[in-house]
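I opened my notebook to look up charged pairs and strand pairing. Here is what I went through, entry by entry.

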Amino acid sequence: MAAEQKSAEVTDWAARAGWLVGLALFVALVYWLMREGWKWRGTLQGDLPELPAAPSEPGPAKLTMSGRYHGSTTAGQWLDRIVAHGLGTRSRVELTLTDAGLDVVRPGATDFFVPADALREARLDKGIAGKVLTEGGLLVVTWAHGDKLLDSGFRSDRAAEHNEWVDTLNSMINKTEGAR
């Protein structure tokens with residue numbers, strides 16, 4: 001008896017194909033709308049100045065780190081992602097801290113440099129714009145760019161390095177503020 005059971009044959013192939021094409025068009029529309037929203041956000045943030053480039057002679061490296069760049073947000077607003085000038089693009093990252101500032105090299109994305117006098121704070125946090133980790137799993141650097149304060153989130157391949165980065169950056173920021 002069980003050997004004779006069969007599923008019903010599809011009799012209306014045109015209706016099935018229509019549903020599949022409709023579903024594919026709907027998914028394409030959703031992705032297109034998401035892309036347009038990303039571009040619109042970039043347009044709204046068009047007043048953000050160009051990202052500074054690293055100086056030709058930045059000096060000797062105090063610290064280096066390789067890991068991931070998770071994005072930049074408006075300082076204190078961990079969900080307000082900045083997408084202008086490629087700051088919203090997640091990527092691999094090579095960070096180098098010198099007396100001149102923080103050099104952010106991102107293969108496949110726009111590199112940028114944060115001058116030492118633009119650095120405001122470094123801290124450990126658990127999330128930034130779509131990336132949530134365990135408590136203290138993210139190195140967040142606050143810096144001034146134009147008239148905005150930005151938070152940029154980094155995660156080292158070796159998370160034990162984060163504390164050293166926070167201590168070194170904050171002592172460097174305190175020295176810079178004392179010299180002003």
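**Charged pairs and hairpins**

I started with Lys39 and Glu36, whose side chains meet in a salt bridge with N and O 3.2 Å apart. A note to keep in mind: this is a predicted model.

I then checked where the two sit. Both Lys39 and Glu36 belong to helix H1 (residues 13-44), and they are three residues apart, about one turn of the helix.

Next I asked myself: is Lys39 buried, partly exposed or exposed? Its relative accessibility is 40%, so I noted Lys39 as partly exposed. Glu36 has 26% relative accessibility, so Glu36 is partly exposed as well.

I looked for another partner of Glu36 and found Arg35. In that salt bridge the closest N and O atoms are 3.7 Å apart, and the cut-off I worked with is 4 Å.

A reminder to myself on the background: side chains of opposite charge can pair when their charged atoms come close.

**Further along the chain**

How many salt bridges does a search of the whole structure find? I got eight.

One I wrote down joins Glu161 to Arg158, with 3.0 Å between the closest N and O atoms. I compared the two ends by accessibility. Glu161 comes out at 15% relative accessibility, so it counts as buried, because the limit for buried is under 20%. Arg158 has 47% relative accessibility and therefore counts as partly exposed.

I also traced shared partners. Salt bridges of this kind join Glu121, Arg123, Asp125 and Asp151 into one network.

**Strands**

I moved on to strand S3 (residues 91-97) and strand S4 (residues 101-105). They run antiparallel, and four bridges join them. S3 and S4 form a hairpin, and three residues lie between the two strands.

Which strand pairs with S4 in the antiparallel sense over four bridges? I found strand S5 (residues 112-115). Here I noted Gly101, whose bridge partner in S5 is Pro115.

Last, I looked at the connection. S4 and S5 form a hairpin with six residues between them. In the turn I stopped at Gly108, which has a positive phi of about 85°.

**Recap for my own use**

S4 is joined to S3 by four bridges, and S4 also pairs with S5 over four bridges. On the charged side, Glu36 forms salt bridges with Arg35 and with Lys39.

Conventions:
Residues numbered from 1 in each chain as written. Predicted model: local features only at pLDDT ≥ 70, side-chain atom pairs only at ≥ 80, totals over all residues. Heavy atoms only, no water. Buried < 20%, exposed > 50% of the residue type's maximum accessible area, 1.4 Å probe, protein only. Pairing = 2+ DSSP bridges.
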